[in-house]
Amino acid sequence: MKITRSDVEAMDARDPLAGCRGWFVLPSGAIYLDGNSLGAMPRATPERLAQVVEAWQRDLIGSWNRHDWIGWPRRVGDRIARLIGAQPGEVIVADSTSVNLFKLLAAALQCNPGRRVILTETDNFPTDVHVAQGLARLLGGGVELRAVDAAGLAGALGHDVAVLMLTHVNYRSGAMHDMASFTAAAHAAGALALWDLSHSAGAMPLHLDEAGVDLAVGGSYKFLNGGPGAPAYLFVAGRLIGLIEPALAGWMGHARPFDFDTAYEPASGIERFLVGTPPVLSLAALTAGIETFDAVDLRQARAKSVALGALFRRLVQQECHEPGLRLVSPDDPERCGSQVSYAHPEGYAIVQALIARGIIGDFRAPDVLRFGFAPLYVRHVDVFEAVMALGEVLATRAYADPRFRVRALVT
Ligand SMILES: Cc1ncc(COP(=O)(O)O)c(C=O)c1O
């Protein structure tokens, strides 16, 4: 039966998370399906930033102690731990996801000294692969990055693999790995498991400790709504922290940074993975992002994004009859993260035509149109409007307008 606007309005009326949308600032006239790339701004963010600015003016350097700025990476890390199924003391906020990957890949090689292979997936996010390539080059001595396609991963877990490095939800297709079973397979083969959670944390419940995950990294500017360039986080299972001598050692990871001792002694806890001074303004914005999850049941968030993904797929079947459009996400939204992706040879221009109509999704080379469903603020009616616009852009070939072919620096 045809899905109508009033059907989707009824879905919004039943949505237990409908009230969360009010916690965010969303420009009128825009339908934002890009929270999987840069989350919308929480209403509380300007106030959080203003508090730090005020403290900086008033208390100057004393703020590091008076407002415990020095403790923020750990405090915010503890709050992220709750969202990813980890214990307090297993997560710290620092640096970028890329830099944290470097730290934890080096740690994995250190924990598994007889083995020299980093196993990953060919279609992993480029930075994950670049970091592993750089580390292998630096270490020489037979350290090798082995990249295979998803279907070949289990078979490639040989006795030389030190670490299996995977991104939980693929940035392009949205396909989601089974974290528990890949972690178990890595362990059975004597390897560690390192997960990149950039496209999953904040969109679904995660159970890192329960799954026995060893190491993980993730970004906080997507579903965690931390703001542009928000600092990333890393997770190290409590049982491993004391075994790792950080390769990227820095004074903030020292047991006593303010002794100014040039002999490096790592902090006893997760703080050893800090390197330099924490970005306090960015941490303040991230705090506002993390607080949006205080009253949210992530099981409800997941149920909503699966429902939005299913609705999008059904509406595309109903409204978009252009033969060039092809679903690249799994058919089953349960096997997908909080996004859906389609390929089309004119993908870039189609996304631009949609943006011109106020529907903000994004394009991923070479030909992928990607639509993200941040479950706290995307409505069923937004999905309806987006697919109606997509159908119109395809049917009228509005994407053929030369304006929509001008490539932006950031896509
Ligand atoms: C899966 C994944 N990993 C890593 C990154 C890069 O993160 P950062 O820029 O914080 O290093 C991204 C960025 O989009 C990503 O999607």
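A cavity, on a 1 Å grid over the protein atoms alone, is a set of points where a 1.4 Å probe fits but cannot get out, and its lining residues have an atom within 4 Å of a point. This is a predicted model, where local features need pLDDT of at least 70, side-chain atom pairs count only at pLDDT 80 or more, and totals for linings use all residues. Residues are numbered from 1 along each chain as its sequence is written, and side-chain values use heavy atoms, without hydrogens and water.

Cavities, then. What lines the largest cavity? Its lining is Gly202, Phe223, Asn225, Phe293, Ala374, Pro375, Leu376 and Tyr377. By class that gives six nonpolar, two polar and no charged residues, where Ala, Val, Leu, Ile, Met, Phe, Trp, Tyr, Cys and Pro count as nonpolar, Asp, Glu, Lys and Arg as charged, and the others, Gly among them, as polar. Tyr377 also lines the second largest cavity, together with Arg21, Leu26, Ala30, Ile31, Tyr32 and Asp382. That lining has five nonpolar, no polar and two charged residues.

Now the ligand. Residues around it, meaning those with a heavy atom within 4 Å, include Phe125, Thr167, His199 and Tyr221.

Next, polar contacts, that is, pairs of N or O atoms within 3.5 Å. Asp196 has a side-chain N or O atom 2.7 Å from a ligand nitrogen, and Asp128 places a polar side-chain atom 3.4 Å from a nitrogen of the ligand. On the oxygen side, a polar side-chain atom of Lys222 is 2.6 Å from a ligand oxygen.

How values were computed: Polar contact = N/O pair within 3.5 Å; in protein donor to acceptor, adjacent residues only side chain to side chain. 1 Å grid on protein atoms, 1.4 Å probe; cavity = no way out; pocket = protein on both sides within 12 Å on 5 of 7 lines; lining within 4 Å.
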